[in-house]
Amino acid sequence: MMSYETILTSTDGRVGVITLNRPKALNALNDQLMDELGAALLSFDADNNISCIVITGSEKAFAAGADIGMMSKYNFTDVYKSDYITKNWETIRKIRKPVIAAVAGYALGGGCELAMMCDFIIAADNAKFGQPEIKLGIIPGAGGSQRLPRAVSKSKAMDMCLTARMMDANEAERAGLVSRVVAADKLLEETMAAAKIIGEMSLPIVMMVKESINASFESSLSEGIHFERRLFHSTFATEDQKEGMAAFVEKRPAKFKHQ
Ligand code: CO8
C-alpha cells in the first residue's frame, strides 16, 4: 500500500478506509491532501478485493474546508488558469464503488462538499454541516450550491449559504442530508457495519445500484426508468443473480463471487 502524509488508509475485509489526517488544521483540504485522497480513492476503486470505501476524519472535524491559508495567496488568474484548489475534486465522482462519508465534528465549506460528493453520509451526533464561504468573500466551489439544494431544499440551502449558519446532525437528518445519526463514539463501528453489509453483496450489482441512483440526478424520470430497466435486465447475465435467487429458494445464505 502507498504511504501518504495527510491521510491514513487501511482495509477491513472488503472495505477500504481513508482517514483525513491533518489534525492541526482540522483536516483543512490542501492540494497535497486532495492529491493523496484522489490517489487512494482510485487505488481502492481498482482493487478487486474492495467493494466499498469509507472516508472519515477525526472526532473534532471531518474537514473544516479548503485550506484558507493556501487560498489566501491566490488571485483570479491563479485559480482560473491552473489546477490549484480545484485539483482532484472531480476524482471522487469517477469512483464506481460506493463511498460512505462518516462525519463527526465540522464538515464546513469544502468539507461539507466532500461529504456530499460521497454516496451517503452517516453522521455522528456532534456533526456540524455548513457552507460558510460567504464569510470569506467567496461562494461554494465544489458543488455546495448545487448538491445542497438537491439534498435539503432550496430554502435551507439559501439560508445556510447566505447566512453561513451551521446545521447540526439532527437537523441534517430531518432535512435528508444524512442517512443516519449515530452516537459519536459509535460512528466508525456503525459505518463499518454498513460498509461490510455492502461488501457481502455482489460487487457488480452494488456498482449498478450506484450507477442507477446517480443517473436519477442527471436525467428525466422516463429516461432514468429506461436506464434502470436496461441495467435490471443485465443483472440476469451475472452469476451472482443465479446464486442470490438459488440461495433464497434453497433457504441458505447467498455466497456471491462478484461475477
Ligand atoms: N483552513 C486552514 N486552516 C484551518 C481551517 C481551514 N479551513 N479551519 C481551521 N483551521 C485551523 C485554524 O487556523 C487553527 O490553526 P492554528 O491552531 O494554527 O491557529 C486550527 O485549524 C484549529 O482551528 P480553530 O482554532 O479555529 O478551532 P475552533 O474550534 O476555535 O474553531 C472552526 C473551529 C469553527 C471550524 C474554525 O476553525 C473555522 O471557522 N474554520 C474555517 C471554516 C471555513 O470557513 N471553512 C470554509 C473554507 S472555504 C472552502 O472550503 C471553499 C471550498 C472551495 C472548494 C474548492 C473547489 C473548487
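This note walks through the structure in numbered points.

1. **What kind of model this is.** The model is predicted: local features need pLDDT of at least 70, side-chain atom pairs count only at pLDDT 80 or more, and totals for chains, interfaces and linings use all residues. Residues are numbered from 1 along each chain as its sequence is written, and side-chain values use heavy atoms, with hydrogens and water left out.

2. **The overall fold.** The protein has twelve helices and ten strands; these are DSSP runs numbered from the N terminus, with helices (H or I) of at least four residues and strands (E) of at least two. Its radius of gyration, taken over C-alpha atoms, is 19 Å. That is close to the 18 Å that the globule rule gives for 259 residues, so the protein is as compact as a globular protein of that length. The globule rule itself is 2.2 Å times the number of residues to the power 0.38. If you picture the C-alpha trace along its principal axes, it spans about 60 × 45 × 40 Å.

3. **How much is buried.** Of the 259 residues, 44% count as buried. Here buried means under 20% relative accessible area, exposed means over 50%, and partly exposed lies in between (1.4 Å probe, protein chains only).

4. **Who surrounds the ligand?** Which residues come nearest to the ligand? Of the 24 residues around the ligand, they are Lys60, Ala64, Ala66, Ile68 and Gly110. A residue counts as near if one of its heavy atoms lies within 4 Å of the molecule. The shell divides into 14 nonpolar, five polar and five charged residues. In this scheme Ala, Val, Leu, Ile, Met, Phe, Trp, Tyr, Cys and Pro are nonpolar, Asp, Glu, Lys and Arg are charged, and the others, Gly among them, are polar.

5. **Polar atoms facing the ligand.** Lys60 has a side-chain N or O atom 2.9 Å from an oxygen atom of the ligand. A polar backbone atom of Ala64 is 2.9 Å from a ligand nitrogen atom, and a backbone N or O atom of Ile68 also lies 2.9 Å from a nitrogen atom of the ligand. Taken alone the ligand exposes 1,100 Å², and the protein buries 64% of that; such areas come from the Shrake-Rupley method with a 1.4 Å probe, and for residues only the protein chains shown count as cover. A polar contact is a pair of N or O atoms within 3.5 Å; within protein, one must be able to donate a hydrogen and the other to accept it, and residues adjacent in sequence count only if both atoms are side-chain atoms.

6. Helix H2 (68-71), strand E6 (106-108) and helix H5 (110-117) each supply at least two residues of the ligand shell.

7. **Two aromatic pairs.** Rings of Phe, Tyr and Trp (its six-membered ring) pair if their centres lie within 6.5 Å; planes under 30 degrees apart count as stacked, over 60 as edge-to-face and the rest as tilted. By this rule there are two aromatic pairs. The rings of Phe76 and Tyr80 have centres 5.3 Å apart and planes at 20°, so this pair is stacked. Phe76 and Tyr80 are four residues apart in helix H3 (residues 76-81), separated by about one helical turn. Phe76 is exposed at 58% relative accessible area, and Tyr80 is exposed at 63%. For Phe232 and Phe236, the centres are 5.3 Å apart and the planes at 75°, so the pair is edge-to-face. Phe232 is partly exposed at 46%, as is Phe236 at 38%.

8. **Asp168 and its neighbours.** Asp168 sits in strand E9 (residues 167-168) and is partly exposed, with 37% relative accessible area. Its side chain reaches the backbone nitrogen of Glu171 at 2.9 Å, and a polar atom of that side chain lies 3.2 Å from the backbone nitrogen of Asn170.

9. **Thr77, back in H3.** Thr77 also lies in helix H3 and is partly exposed at 40% relative accessible area. The side chains of Thr77 and Asn75 are joined by a polar contact of 3.1 Å.
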